[in-house]
Amino acid sequence: MKKLYLLLCVLGIILPYYHLINFLLDNQWSMDGFWNDVFFGTHSVSMIAMDLTVAASTFLVFLIYQSMRKKVKITKYIICLCLVGFSLAFPLYLYDTHDK
């Protein structure tokens with residue numbers, strides 16, 4: 001199972017950044033319009049963005065709770081959540097906590 005979590009970590013980096021790089025290439029390396037497209041592009045895209053926002057926020061609250069209750073070090077998960085996203089932070093947490 002740990003190998004699967006590690007694979008998901010790699011995919012969690014590659015897949016979002018593939019689309020980010022394509023967006024930047026299409027827009028001459030400018031982030032203009034990025035957030036507008038994400039939150040207000042179409043209803044289907046907005047639905048996915050809101051779903052991931054709630055999931056990532058829930059994971060962040062869970063991490064804070066775990067750090068207070070079990071004294072788990074959460075710094076690397078918060079960094080991953082902010083720099084890459086939920087697609088890396090959550091599989092990394094599962095990888096690290098598997099069989100504990």
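F59, F62, Y77, F86, F90 and Y93 form one aromatic cluster. This is a predicted model, where local features need pLDDT of at least 70, side-chain atom pairs count only at pLDDT 80 or more, and totals for chains, interfaces and linings use all residues. Residues are numbered from 1 along each chain as its sequence is written, and side-chain values use heavy atoms, with hydrogens and water left out.

**Aromatic pairs**

- Rings of Phe, Tyr and Trp (its six-membered ring) pair if their centres lie within 6.5 Å; planes under 30 degrees apart count as stacked, over 60 as edge-to-face and the rest as tilted.
- By this rule there are seven aromatic pairs.
- One of them joins F59 and F86, edge-to-face, at 5.8 Å centre to centre with 70° between the planes.
- That pair links distant parts of the chain: F59 is in helix 3 (residues 43-69) and F86 in helix 5 (residues 86-97), 27 residues apart.
- Helices here are DSSP runs (H or I, at least four residues), numbered from the N terminus.
- F86 also pairs with F90; the centres are 5.4 Å apart and the planes at 15°, so this pair is stacked.
- Both F86 and F90 lie in helix 5, four residues apart, about one turn of the helix.

**Exposure of the ring residues**

- Buried means under 20% relative accessible area, exposed over 50%, and partly exposed in between (1.4 Å probe, protein chains only).
- F59 has 5% relative accessibility, so it counts as buried.
- F86 is partly exposed at 23%.
- F90 is partly exposed too, at 33%.

**Charge over a ring**

- The charged end of K2 sits over the ring of Y95, 4.4 Å from its centre.
- The rule asks for NZ of Lys or CZ of Arg within 6 Å of the ring centre and within 35 degrees of the ring normal.

**Nonpolar surface patch**

- M1, L4, L7, L8, V10, L11, I13, I14 and L15 form a nonpolar patch on the surface, with about 770 Å² of accessible area together.
- Patch residues have over 30% relative accessible area and no salt bridge; nonpolar side chains (Val, Leu, Ile, Met, Phe, Trp, Tyr) are joined within 5 Å, like charges within 9 Å.
- A salt bridge is a side-chain nitrogen of Lys or Arg within 4 Å of a carboxyl oxygen of Asp or Glu.
- V10 is found in helix 1 (residues 2-26), and V10 is partly exposed at 41%.
- I14 is found in helix 1 and is partly exposed at 47%.
- I14 and M50 are 36 residues apart in sequence and 21 Å apart in space, C-alpha to C-alpha.

Terms used:
Accessible areas come from the Shrake-Rupley method with a 1.4 Å probe; for residues, only the protein chains shown count as cover. Helices (H or I, at least four residues) and strands (E, at least two) are DSSP runs, numbered from the N terminus.
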